[in-house]
Amino acid sequence: MADSKASLSIDGKVIAELPILSGTAGQDVIDIRTLGGAGYFTYDPGFLATASCESAITYIDGGNGVLQHRGYPIASLAKEADFLEVCYLLLNGNAPTKAEYDDFKSIITKHTMVHEKLAHFFQGFLPDAHPMAMLCGVVGALSSFYHSDLDIDKPDQRMRSAHRLIAKMPTIAAMAYKYSIGQPFVYPRNDLTYAENFLHMMFSVPAEEYNVSPVAARAMDRIFTLHADHEQNASTSTVRLAGSSGANPYACIAAGVASLWGPAHGGANEACLNMLEEIGDVSRVDEFVAKAKDKSDPFRLMGFGHRVYKNFDPRATVMRETCHEVLADLGVTDPLLDVAMALEKVALEDPYFIEKKLYPNVDFYSGIILKALGIPTSMFTVIFAMSRTVGWISHWDEMLSQPGQKIGRPRQLYTGEIDREFTPLKDR
Ligand code: SDX
């Protein structure tokens, strides 16, 4: 794919001829793999200008608000596909035929139960443990139940791990919630859809029948789709780096859960709702916007800004529509939505936010929808992690299926002391 080259000169002397590689869309890349031999590393903290891999899963054009999974636009997927169809195409490359879909749905359905011993892991947590702490621990522990099926060099074993993780994340997530409120775990049901099953495991109790609201199930399914994958974000890069060492898929996904938890990343939906609750009323929006603009104040508007999207996050557009639909369908009027709409309006008109290209991201509206569905704030990032599991495991599988895959091992610009004389403690 090298059509042209970049010549790197230092003090007028060409030190490297670097191939320029082109993909099917997006920016070309300068292949710097030979640069080490010329005695230099590149320096890019936070990987602002670094392509870490070659991938065919998700394409983002941040300047034009484009997000496509396997070439399918996110708006089409969110409105015309269900989450399991999206899981299938992320894992396999194309939208499934009806037969493929039915087979995939049956496979996932039959993997939704967890080993009975897994339930005991929860007993070690304090009742007020954050559900993300439980998710980190329990997902990592899953590998202990499948040690005979973890050969990452075998595509069928990789795919079975992917199916198990996609199927079991909702069960484990709902168990974390039930444990936190002292209610019994609810087993999955094979007659329910993926989203219905999750809501049923979250909200049903043994004492009475529970009927899942079709509106809630549709909204939940769309939220799953909108969070499914997002190119080489922090948590996906974490999963890839962990996987490059040969770590088992459950350990890699647990690493992704841990990375997503941060408020700058997947933890933003929980932080955004907490912020809206702290603002409390439309009359205080200007006060918080001023705080966000104050360089001496570390406060940021959660749910705003994105490393890649510099005009709008296409997921936020769909999420905004869904937010209004769900609240109308459920007959919910939430003052926080009024605060969110006022905040969005002020921020989008404020020169600071326009200049810094800070727009609502995927996390801005999701929290309001989840709250309307009765999901507690502490579960928001858990739901993000559940959704993103298919993206994480698709990238993990893609990486391991690529020939010549090596362990990830970045270098550094060393700025510490060098060649110091060590004096033993007794003489210091
Ligand atoms: C997700 O990567 C992905 O794809 C992630 C994700 C996915 O699906 O995986 O899309 C999910 O993580 C969405 C982002 C959720 N995070 C938040 O909503 C938290 C609030 N947003 C920020 O923390 C921030 O916008 C980031 C982390 C999202 C992006 O930050 P960047 O691109 O690294 O930019 P930056 O931190 O260098 O900020 C640039 C400027 C700074 O001002 P200056 O130093 O240039 O004067 O913009 C300011 C920042 O202070 N700024 C904000 C702001 N975000 C950036 N100011 C106020 N409020 C904000 N939210």
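Which residues are buried in α15? They are Val362, Asp363, Phe364, Tyr365, Ser366, Gly367, Ile368, Ile369, Leu370 and Ala372. The model is predicted.

**Helix α15**

Helix α15 spans residues 362-372. Of its 11 residues, 10 are buried, so the helix is largely enclosed by the rest of the structure. The cover over these buried residues includes α7 (214-226), α10 (268-279), α12 (314-329), α13 (335-349) and α16 (380-401).

Asparagine 361 caps the N-terminal end of α15. One of its side-chain oxygens lies 2.8 Å from the backbone nitrogen of aspartate 363. Just after the helix, glycine 374 has a positive phi of about 85 degrees.

**Aromatic pairs**

The structure holds 15 aromatic pairs. The table gives two of them.

| Pair | Distance of centres | Angle of planes | Type |
|---|---|---|---|
| Phenylalanine 288 and phenylalanine 299 | 5.8 Å | 70 degrees | edge-to-face |
| Phenylalanine 304 and phenylalanine 364 | 4.9 Å | 70 degrees | edge-to-face |

Phenylalanine 288 sits in helix α11 (residues 285-293), and phenylalanine 299 in the loop between α11 and α12, so their pair ties together parts 11 residues apart in sequence. Phenylalanine 288 is buried at 1% relative accessibility. Phenylalanine 299 is buried at 15%.

Phenylalanine 304 lies in the loop between α11 and α12, while phenylalanine 364 belongs to helix α15. This pair therefore ties together parts 60 residues apart in sequence. Both phenylalanine 304 and phenylalanine 364 are buried. Ring pairs also link Phe304, Tyr352, Phe353, Phe364 and Tyr365 into a cluster.

**Cysteines**

The disulfide count is zero. The sulfur of cysteine 136 has its closest cysteine sulfur in cysteine 252, 14 Å away, which is too far for a bond. Cysteine 252 is buried, with a relative accessible area of 0%.

How values were computed
Residues numbered from 1 in each chain as written. Predicted model: local features only at pLDDT ≥ 70, side-chain atom pairs only at ≥ 80, totals over all residues. Heavy atoms only, no water. Buried < 20%, exposed > 50% of the residue type's maximum accessible area, 1.4 Å probe, protein only. Helix = DSSP H or I, 4+ residues; strand = E, 2+ residues; numbered from the N terminus. Contact = heavy atoms within 4.5 Å. Polar contact = N/O pair within 3.5 Å; in protein donor to acceptor, adjacent residues only side chain to side chain. Disulfide = S-S within 2.5 Å. Phe/Tyr/Trp six-rings, centres within 6.5 Å; stacked < 30°, edge-to-face > 60°.
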